[in-house]
Amino acid sequence: FGPQTCSRLVAPVFLALLLEMASAVASPSQIQVNSCMLGGHLLGRGTAVQGALQEEFPNAEIKHGYAGLLQFSIVADGKQVLGGMAGTCTILEMLTCCRSAETVAKSASEDMHTSDDDTILGA
C-alpha cells in the first residue's frame with residue numbers, strides 16, 4: 001500500500017465529489033413558471049413545463065403561477081430566464097405543437113447554466 005495506490009483510490013472519489021458540488025452550485029433551488037390561464041393552465045402547457053423542469057431539477061422547488069393572456073415566463077432563483085416576446089412565442093409554439101414542454105425545459109436549463117449576466121430572453 002504505497003502512494004500510487006492511495007492516489008488511485010482517492011482521485012476518483014475526489015473527482016466525483018467535485019462534480020457533485022459543481023452540479024449543486026449550478027442548479028437553481030427555486031423556479032417559478034408563469035403562464036396564461038388558457039394555454040398554460042387549462043390546456044396544460046405551463047403545467048407540462050413545470051413537470052419537465054421538476055425532472056430536470058429534482059431538488060428544486062418549482063411553482064406554477066398565472067400570467068396575462070399568452071404570457072409565459074420562467075424565473076430561476078429570482079433571475080428571469082425566459083419572458084417577454086420570447087415567452088409569448090414559446091407558449092404559442094407549444095400550443096400549436098411545434099415545440100414540446102421537454103424542449104422548453106431543456107432550453108431553459110441550458111440558459112440557467114450558461115447565463116452569468118442579467119440578460120432576459122425576449123425582453
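# Reading the predicted model: core, sheet and cysteines

Q: Which residues touch the most other members in the largest nonpolar core?
A: Ile31, Val33, Val49, Leu53, Phe72, Ile74 and Met112 do, out of 20 residues in that core. A nonpolar core is a set of buried Ala, Val, Leu, Ile, Met, Phe, Trp, Tyr and Cys residues joined through side-chain atoms within 4.5 Å. Buried means under 20% relative accessible area, exposed over 50%, and partly exposed in between, with a 1.4 Å probe and protein chains only.

Q: Which elements give two or more residues to this core?
A: They are strand 1, helix 3 (45–56), strand 3, strand 4, helix 4 (84–95) and helix 5. Helix 5 gives the largest share, five residues. Helices (H or I, at least four residues) and strands (E, at least two) are DSSP runs, numbered from the N terminus.

Q: What kind of model is this, and how are its values limited?
A: This is a predicted model; local features need pLDDT of at least 70, side-chain atom pairs count only at pLDDT 80 or more, and totals for chains, interfaces and linings use all residues. Residues are numbered from 1 along each chain as its sequence is written, and side-chain values use heavy atoms, with hydrogens and water left out.

Q: Which residues is Leu53 in contact with, leaving aside its neighbours within four places in sequence?
A: Leu53 is in contact with Ile31, Val33, Ile62, Ile74, Ala105 and Met112. Contact means heavy atoms within 4.5 Å.

Q: How many helices and strands does the protein have?
A: There are five helices and four strands. From the N terminus on, the elements run α-β-α-α-β-β-β-α-α.

Q: What makes strand 2 and strand 4 the edge strands?
A: The four strands form an open sheet in the order 2-1-3-4, with mixed pairing. Strand 2 (61–67) and strand 4 (79–82) each pair on one side only. The twist averages 25 degrees from one strand to the next.

Q: How do you know that strand 1 and strand 2 pair?
A: Two strands pair if DSSP finds at least two bridges between them. Seven bridges join strand 1 (residues 30–36) to strand 2, so they pair. The two run parallel. In strand 2, the bridge partner of Gln32 is Lys63.

Q: Where does helix 5 pack?
A: Helix 5 (residues 101–114) packs on the sheet and touches strand 1, strand 3 (72–76) and strand 4. Its direction makes about 40 degrees with that of strand 3. Axes are lines fitted to C-alpha atoms, for helices over the stretch in contact, and angles run from 0 to 180 degrees between N-to-C directions.

Q: Why is Cys36 called buried?
A: Cys36 has a relative accessible area of 2%. That value falls under the 20% limit, so Cys36 is buried.

Q: Why does Cys97 count as exposed?
A: Its relative accessibility is 71%, over the 50% limit, so Cys97 is exposed. Cys97 lies in the loop between helix 4 and helix 5. Cys97 has a positive phi of about 60 degrees although it is not a glycine.
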